[in-house]
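Here is a short report on selected features of this model.

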4 protein chains.
Amino acid sequence: MQAYKIYIGGEFCPTNTKLKVFNPFDYSIVAETYLAGKDELEKAIEKAQKVKPILRDLPSYKKYTILMQIANQLEEKRSELALILAREAGKPFKYALGEISRAIQVFTVAAEESKRLPKEYLSIDWTTAGEKKEGLVKYFPVGLIAGIAPFNFPLNLAAHKIAPAIASGNAIIIKPARSTPLSVLELAKIIHQTELPKGAFSVLPMDREAGNQLVTDERINMLSFTGSPKVGWKMKANAGKKKIALELGGNAGVIVSEQADLDLAVKKCLVGGFAYSGQVCIHVQRIMVHEKVFETFVDKFISGTQMLTFGAPDNETTDISVMIDEDNARRVEDWVNEAVSEGAKILLGGKRDGSFFEPTIITNTKQEMKVCALEIFGPVVAIEKFSDFSQAIDMINDSEYGLQAGVFTNSIIEMNHSFNELEVGGVIINDVPTFRVDHMPYGGIKNSGFGREGVKYTIQEMMEPRLLVKNTDY
Amino acid sequence: MQAYKIYIGGEFCPTNTKLKVFNPFDYSIVAETYLAGKDELEKAIEKAQKVKPILRDLPSYKKYTILMQIANQLEEKRSELALILAREAGKPFKYALGEISRAIQVFTVAAEESKRLPKEYLSIDWTTAGEKKEGLVKYFPVGLIAGIAPFNFPLNLAAHKIAPAIASGNAIIIKPARSTPLSVLELAKIIHQTELPKGAFSVLPMDREAGNQLVTDERINMLSFTGSPKVGWKMKANAGKKKIALELGGNAGVIVSEQADLDLAVKKCLVGGFAYSGQVCIHVQRIMVHEKVFETFVDKFISGTQMLTFGAPDNETTDISVMIDEDNARRVEDWVNEAVSEGAKILLGGKRDGSFFEPTIITNTKQEMKVCALEIFGPVVAIEKFSDFSQAIDMINDSEYGLQAGVFTNSIIEMNHSFNELEVGGVIINDVPTFRVDHMPYGGIKNSGFGREGVKYTIQEMMEPRLLVKNTDY
Amino acid sequence: MQAYKIYIGGEFCPTNTKLKVFNPFDYSIVAETYLAGKDELEKAIEKAQKVKPILRDLPSYKKYTILMQIANQLEEKRSELALILAREAGKPFKYALGEISRAIQVFTVAAEESKRLPKEYLSIDWTTAGEKKEGLVKYFPVGLIAGIAPFNFPLNLAAHKIAPAIASGNAIIIKPARSTPLSVLELAKIIHQTELPKGAFSVLPMDREAGNQLVTDERINMLSFTGSPKVGWKMKANAGKKKIALELGGNAGVIVSEQADLDLAVKKCLVGGFAYSGQVCIHVQRIMVHEKVFETFVDKFISGTQMLTFGAPDNETTDISVMIDEDNARRVEDWVNEAVSEGAKILLGGKRDGSFFEPTIITNTKQEMKVCALEIFGPVVAIEKFSDFSQAIDMINDSEYGLQAGVFTNSIIEMNHSFNELEVGGVIINDVPTFRVDHMPYGGIKNSGFGREGVKYTIQEMMEPRLLVKNTDY
Amino acid sequence: MQAYKIYIGGEFCPTNTKLKVFNPFDYSIVAETYLAGKDELEKAIEKAQKVKPILRDLPSYKKYTILMQIANQLEEKRSELALILAREAGKPFKYALGEISRAIQVFTVAAEESKRLPKEYLSIDWTTAGEKKEGLVKYFPVGLIAGIAPFNFPLNLAAHKIAPAIASGNAIIIKPARSTPLSVLELAKIIHQTELPKGAFSVLPMDREAGNQLVTDERINMLSFTGSPKVGWKMKANAGKKKIALELGGNAGVIVSEQADLDLAVKKCLVGGFAYSGQVCIHVQRIMVHEKVFETFVDKFISGTQMLTFGAPDNETTDISVMIDEDNARRVEDWVNEAVSEGAKILLGGKRDGSFFEPTIITNTKQEMKVCALEIFGPVVAIEKFSDFSQAIDMINDSEYGLQAGVFTNSIIEMNHSFNELEVGGVIINDVPTFRVDHMPYGGIKNSGFGREGVKYTIQEMMEPRLLVKNTDY
């Protein structure tokens, strides 16, 4: 069996603690790797500290070359990596392939953005005090970043921290989820072959104690966390003087207006609702349908759901597979049962088998039920009807979360209202909230997050502006 | 009777040739002024040449102060100036007041933009050739600008050249229309009181020979012309090495979709069609109405037109008055008669009385008729029906002009098609093409113009970028 | 004696707790006002909550008008306000006048920026996933902001929070320093006369308990604090999900290079070192002078310092007056004495008389002495020599702070090194770190702060981006 | 012998007129190709017209892919293409290789910029007239571009028109110089293999009559010309309604300040002065050296020049080879002789042998001599001394040209003066005016040009803005 060494600032090392990685579909062991403890983290931090001045001064063309090499190598190993990812995460192969493609895009865009770091040239002479002076603003890397990545997109959500860190001249230590460390360790092998200065990048699967130190260590200048709201907000309080970026979850909603293209809406909602068993931050959890088209929509949506193929994640034809572990499947089951006991009605699915949970459609829910109010992170979609568009907006907004929302409509008025009034980070017209391309600004408001990701936007958050005021003559 | 001296680079002077300014409504003399010839132009150019280096180095706060003083003085004299403008241009007082307000806005925005001149700070090290280098781009004034303004907005369309010229550190010589030189000479009095260096600004009503020299003189670095297409395009050929900006006319169209808000469309089209007797570059000349709402629209539009009040321009209640002169009124009459003789049908109006031409609505026109194909610059609107939205787009595009277009719709699809396919400089959704606020980019494509105005955009056209490449270390 | 009511969301109210405001020069009472407690804060928050939707939708022109009215009223009352400010803060009148002028500038720039809120239009079709889609990013106000302002620029540092809040459509509650609440209460009178919706603005001098609630209350969406590092960083930990901006202090340094213009350097350092007795975040605390020019510089600097005129703050000729209170003067005295006991040498000054501390120049300091290492916030300047430019940079960087630095030089190489290597928020070439114009990005790194102020930059921090992804055709 | 067919909108075709391409070093025939006449041009225009709508709607990712494929193919054929280029242009192989690398960079940058076309999102509600409205500005391709490329960088200066045209969705017809059509016909083979819609690109070596039609044909929307000032400015007058970009020549100057790094200055001036026998628009034609360092500089410069290796262009060790033809070498000889007869002194070189002209250094020139006043486009450098920096600036500015200038200095003051006062498109500090990286804005003022190239800047010139004004609510 393959044993992946972890990557400490340029060296692949074992540690004293082994970590087994299972395929959640059949509990087979995918590979072994290691857990880092305080010592390994200390080593990674020290190496990062040393390499900071070199990173800061890397010319654009070097960063560009490094990032494009990574993108090209990912392209070359696309299928191989997708297989590893499918197995460690239990993610259907076709979605795993899609994730690799997105990571390639992330590194490509970061390569381009490394040449376009934010810069500003401004006049200063707006009052006599500034006469004959002008200003330049250059952005400098914050220094060292800790990136904590989740299990659901183990490669691409790590890439969303690594690629911008390289582009902006920062060092970064990545802590992958303990269940899914392999694809990012594969990425480490690729990065190791580039001319990225050693020390700039580490991948450390960690125990809890070492993980906490990522939050509190003063030598780390920024913490970028993707994961659950509860953990994320606690980190903010403990992060000291660090900058912080939180990409948390939500209970994303869709509005299907009276005049929507229903076939389009159904097709998109099937993917948004059930891809990777809904274990996606912007999974379609709630669909609000205008009463005049409610029944048609529901019929089509149920039919579509019934066509999804269950199977092993590494099978190319699989649409839906198991959840990441049985605990999560049980949690989803409990929430659904609780909802039913409080009056909700199951239109399809609702059953659990081990760590598999059926694609499930429910209705008659109330906003305060867990299936609506909390992030379900499972293949469950609640569909409700509305009679007036502003009611639909209120229904979406009646949540402590605000990540993205989708709106199917052809009305300019409805589009405008959606943009102005939906309390979310992104409003997607005629597509699901699950829509994300990797260069767009992405992130939530309310409890769903803090800051924005999306390569260029992440780069900006990973840098500090410095102003130069100079004479124009002397 | 008041005699306005002309303004030659800081001095108010008479010349040997008097110019009488008439009120087109009653042929009363509004005031007398003077025509400049070659000598006066020479003097203005020489003064401008001398002041160039001072203008280039004016700090932002001085330009800001000068421009805000102008705006404040215009505000103070608003009614007085509106009256002069109403009389020289035959423009209904309420529209004249609106024009002064817009000129105030132009100078205010220019004041703000004088602090925000374009500047760029860019990385150069995209290849090894640029290693350790970076670039700055600063914009410098081109030097001396000749601005030729039309009769229809004698103050505001001159302001659109003067205010950006001051903001960008250029000298400017304005040639007003011979029929309407007074309001801009009033402006000269205001500007004379500010600290704008003398020589930076001249107002010269001119005879044809001197006017031609504005086009050909090599000491003038840019020509900014607002007027007829025929004259404008000829200037482009004769302008030598000058930069050139042309704001010409068009035959602007409106599309009223099946699902438009008809009352809104009618209300807006009444203003767009008949304000200042249609003597507006973006006058609504053609309205394409979906066949299902055609009759309703036409009925409402006729009723609305019948409510317009005819009167003297300096009367506050006047909606519509005479045209700028009888020649123009006759030309409009001829075009309408010709259209009728070729099959068009008059729904309302169509009669001329001296230099007054009735607000006129026609239908059954063909695109090749002069009333459709040429710029009518009179109170005539052609209304036609369409059955399919892309047909309406083709009808608008079937023209050698392309200034602005209006589209009344609530459909996102129709909005998108309009934006992507209407061959114009500006598409106005749910308003008429006549819509213009003074900071927006404004200008035509096809035969309607060359370049964009709109304060910030004009400023950019009046400047030349200069790149500085410098070491980041040495 | 005048009693200033506090301003609670549109109403001027007394409270149960009076607060006397003293002139620190002669302990005369300037005026009385009131302290707000929990109830008043609750009322202010509730009013702010209610007015949020109205603020969000205020059109640009209304915000512009409100902000310009404020600027104009400040202009009109400039001397009167300067007198109040001079008295409450013990700030020499000429500097108080300067502060009013800067506040006018802040509101003027905010008026202009209210029309230029950040907006982005981006292509989405970088991969097939985004085909026929495009994106818009609009920025929305975070909602309610708590602004905590310090005693040293009681009007202008409050203005730096209030003006951007209005420009960005936020409500704001200002807590002024308890020693200097009057000038901002005068501002409240001015703002009350404008059309800013009532509830959008409150001024609450507060007791400690209520002050803490500004940090912890979940209804407040952002905390903007200007004050001491110790207090600021603690707030960050307690701020929950809020956005936070910290403008803290530093121990700003100046480098005087071998080839500097010494007279310029001395002239600027006198202001930077002793204006308002050094009670300025970017006060010149440390001067590093090249050994070849050290003696000349020191001689000139001592002579200059000896010319400063001591007097009452409200006297127009006063250069230097008392400190804010005797406690602070004693603290400065202690630090200087401690430094001397550890080997530092006093070149001038060093004596205290009540709350007056003499302008003091010391040398032979060590970086770890309090006079160097901590923020002295008093009229004390340490001058040291260096032999090599990079040594000077190291000396400046050897600090836990990083706000601004000044460098006097004519060398491109030295300028480049300064910009690339000085670990500060702003590097000022040929001027002191005390240089600030109000539209420039301003703020510190390391322990000196978090985020940037400077109208446009503050506005950006007070807003959240929201993305709209829409079809380009459908 | 290889016969290159010309490329007419997707088809490789012969014509009735053969065109032989010679190696200027030994008059050997490099290859044969064909001249296009009116018929071929007509065909190219018609094909371009047809493909316009498809080009306009190409998504970013398709344009990106096409442009990156071209870059990759150029990379693959780098040596092979460099050899062809060296032979057709008589360009030393090492410089030919450099040109291919730059063309690769041009296509790479254009690929990136195709995803970043200019777009603007602006608020409209600055007055009541714009309430509840907002604006979008999207840029649309002008349509069809004619690109006329010169012999000296036959591939890269064509690439500077082709790559931006593709990125911006325009069709383009390239007319290469008749002496150097081969490398761009090789490029056509590469482009033909991509998915660029056929019709979008043509390469037509042309006779004079057909060439003229590129200027006058109304179906061509923009003319982009790189070549001689005389031809260029005449085109501007004849271009009708077209947009026009002119990249013309100059007599670029260098200033070597008293405190310059002389070794650096010499090293850079050797390349700037003699690379490709000075047949470069930004060739170093004039060097102004401070009198204190004049003799040292001249000695070093002469020594350096003497080290240059003469040889065949396709030899890897060749530094300098023949000029493009004997006519040009004779012209250079005449100008030098004329200068000598008027008092100039030859310090090195001055002899012609066939089409080879020796690297030549002269002094004692006067600004009105042809070697100074006109563009020499040959390996001749005039060196003069100055005593005061502003004198040096005046000497550079005493020219009808203004492309780029180089300044060697370490003085901030001198850098500032240079940037503010040198009347050129680009000021290069501590490098020669010959410095160009392909993404920077590049172009001249005065007689040296009209508009800017540099991928992003060219793209902007090849597009027209279109404004959409829409309601924010309705």
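A:Pro441 is buried, at 4% relative accessible area. Buried means under 20% relative accessible area, exposed over 50%, and partly exposed in between (1.4 Å probe, protein chains only). A:Pro441 lies in the loop between strand E21 (426–429) and strand E22 (445–446) of chain A. Helices (H or I, at least four residues) and strands (E, at least two) are DSSP runs numbered from the N terminus. Leaving aside residues up to four places away in sequence, A:Pro441 touches A:Arg452, A:Glu453, A:Tyr457, C:Leu122, C:Val137 and C:Leu467. Contact means heavy atoms within 4.5 Å. From the C-alpha of A:Pro441 to that of A:Asp394, 47 residues apart along the chain, the separation is 24 Å.

The model is predicted: local features need pLDDT of at least 70, side-chain atom pairs count only at pLDDT 80 or more, and totals for chains, interfaces and linings use all residues. Residues are numbered from 1 along each chain as its sequence is written, chains are lettered from A and ligands numbered from 1 in the order written, and side-chain values use heavy atoms, without hydrogens and water.

Chain A is assigned domain 1 (2–248 + 449–469) and domain 2 (253–437). These bounds come from an automatic or database domain assignment. The domain centres, taken over C-alpha atoms, are 31 Å apart. The table sets out two pairings.

| Pairing | Residues in contact | Buried area | On carbon and sulfur | Salt bridges |
|---|---|---|---|---|
| Chain A and chain C | 64 residues with 64 residues | about 5,400 Å² | 58% | 6 salt bridges |

Buried area is the accessible area (1.4 Å probe) that two parts lose on being put together, summed over both. A salt bridge is a side-chain nitrogen of Lys or Arg within 4 Å of a carboxyl oxygen of Asp or Glu. A:Asp314 and A:Arg87 form one (2.9 Å, N to O). A:Glu120 and C:Lys456 form another (2.9 Å, N to O).

Now to chain B. Helix H10 (residues 294–306) has 13 residues. Its buried residues are B:Phe294, B:Phe297, B:Val298, B:Phe301, B:Ile302, B:Gly304 and B:Thr305. They span an arc of only 165° around the axis, so they sit on the same side of H10(B). The arc is that of the directions from the helix axis to the C-beta atoms. On the other side, B:Glu295 and B:Gln306 are exposed. Cover for the buried residues of H10(B) includes helix H9 (262–274) and strand E18 (380–386) of chain B.

Key:
The expected span of a helix is 1.5 Å times one less than its number of residues.
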